[in-house]
Amino acid sequence: MKAVEIEQRQAAALEEIRAAADERSLDALRAKYLGRKGLVPALMKELKALPPEERPLAGRKANELKVAVQQALTERRRELAEARAHPAAAAASFDYSLPGVWRGTGSRHPISSIIERAVEIFHGLGFTVAEGPDIETEYYNFDALNTPPDHPSRDPQDTFYLSDGRLLRTQTSPVQIRYMEAHPPPVRIVAPGRCYRRDTPDATHSANFHQIEGLYVARGVSMADLKGTLAYFARRMMGPGVRVRFRPHFFPFTEPSVEVDFSCHACGGKGCRICKHSGWIEIAGAGMVDPNVFAAVGYDPDEYSGYAFGMGIERMAMILYGINDIRVFYENDIRFLEQFAQ
Ligand code: DAH
């Protein structure tokens, strides 16, 4: 074989080796070129038959082919092992030396965190979670909750009505009715969820906000149980220093009724912008379930009594995190949200 031919065979051999798909093909190629019956020994034998003047060049070319084939086999074997260890990188010819792309970590929305924490605290007191629909009927949102037909909260100025007469619930209280209809006493539930009111948005009002409703009905439940539960909740939620006060109020579905204030966590009760300089912030409405509500669900008011409450989630989030404008919860500004990443 002449020197040029040997060069051609070398080029073909290297191409074959580089294209080998696996180690077994490489073994076959090693045999084909370097093996006892392979090309290289055959070339060496042929050299003797060449005219003396062609021998030195052909000999050098044959040697070069041998070394090149050995190197190519080793290199391809290394590549295949690498591809087996990092399959994705091999596919994308990944450059490990490039710096990574930081995509940021998502975080819980502060409203979701407060709901989760509140549910966990009540869970520890034996409450389970109940839910109801956001689109409600007048019956569940008002009638069954002992709300008179001419009550101002029913006004279309305050409540979003759908064209079919249903409405977006203005409070989580209808979940009480749905739960009691479906379960005999005793009941001990909390119901977190969205509420809707036709309010003009400002720093303390939003047309969409969240409440967590609570209901405990059993024999002999009293206002003292309500106060103890809410005081315990407030300390777990806000910290041991928080104080709780009840102010007499009126709700159609409770008698007696109270509004519940927590001392302002943001200023420790000294007075600040968030608590409008009063040191207190209204967190909940509450009271003893009205006998008319029990009548609507078929509970016997002579046998059972209960307390109920509805707390504002945003209110708690505002004093807990020192936020003085409720609108930031819904704008989804990443600069606000990323402060809650853990
Ligand atoms: N539903 C009332 C509101 O949205 C809050 C409330 C008051 C809930 C008294 C209750 C309750 O369960 O007993 O203003």
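**Notebook: domains, ligand site, backbone**

I began with the domain division, which gives domain 1 (3–92) and domain 2 (110–340). The model is predicted, and I read every entry below with that in mind. I then looked up the separation: the centres of domain 1 and domain 2, taken over C-alpha atoms, are 81 Å apart.

I checked where the ligand sits and found it in the largest pocket. Strand S5 (208–218), strand S8 (280–289) and strand S9 (305–312) are the elements that each give two or more residues to the shell around the ligand.

How many residues surround the ligand? I noted 15, and the closest are Gln171, Gln176, Arg197, Gln211 and Glu213. By class, the residues of this shell divide into eight polar, five nonpolar and two charged.

For Gln171, a polar side-chain atom lies 2.8 Å from a nitrogen atom of the ligand. For Gln176, an N or O atom in the side chain is 3.0 Å from an oxygen atom of the ligand. For Gln211, I have 2.8 Å between an N or O atom in the side chain and an oxygen atom of the ligand.

How much of the ligand's accessible area does the protein cover? On its own the ligand has 360 Å² of accessible area, and the protein covers 91% of it.

**Backbone**

I turned to the backbone for exceptions. Most peptide bonds are trans, and most residues other than glycine have a negative phi.

Which residues does a cis peptide bond join? I recorded Pro185 and Pro186, with omega about 5°. I placed Pro186 in the loop between helix H8 (174–182) and strand S4 (187–196).

I recorded another cis peptide bond between Glu255 and Pro256, where omega is about -5°. Pro256 has its place in strand S7 (residues 254–263).

My last entry is Asn146, a residue other than glycine with a positive phi, near 60°. I located Asn146 in the loop between helix H7 (138–141) and strand S3 (167–168).

Definitions and conventions
Residues are numbered from 1 along each chain as its sequence is written. This is a predicted model: local features need pLDDT of at least 70, side-chain atom pairs count only at pLDDT 80 or more; totals for chains, interfaces and linings use all residues. Side-chain values use heavy atoms; hydrogens and water are left out. Domain bounds come from an automatic or database domain assignment. A residue is near a molecule or strand if one of its heavy atoms lies within 4 Å of it. A polar contact is a pair of N or O atoms within 3.5 Å; within protein, one must be able to donate a hydrogen and the other to accept it, and residues adjacent in sequence count only if both atoms are side-chain atoms. Accessible areas come from the Shrake-Rupley method with a 1.4 Å probe; for residues, only the protein chains shown count as cover. On a 1 Å grid over the protein atoms alone, a cavity is a set of points where a 1.4 Å probe fits but cannot get out, and a pocket is an open set with protein on both sides within 12 Å along at least five of seven lines; lining residues have an atom within 4 Å of a point. A molecule sits in a cavity or pocket if more than half of its atoms lie within 2 Å of its grid points. Helices (H or I, at least four residues) and strands (E, at least two) are DSSP runs, numbered from the N terminus. Ala, Val, Leu, Ile, Met, Phe, Trp, Tyr, Cys and Pro count as nonpolar, Asp, Glu, Lys and Arg as charged, and the others, Gly among them, as polar.
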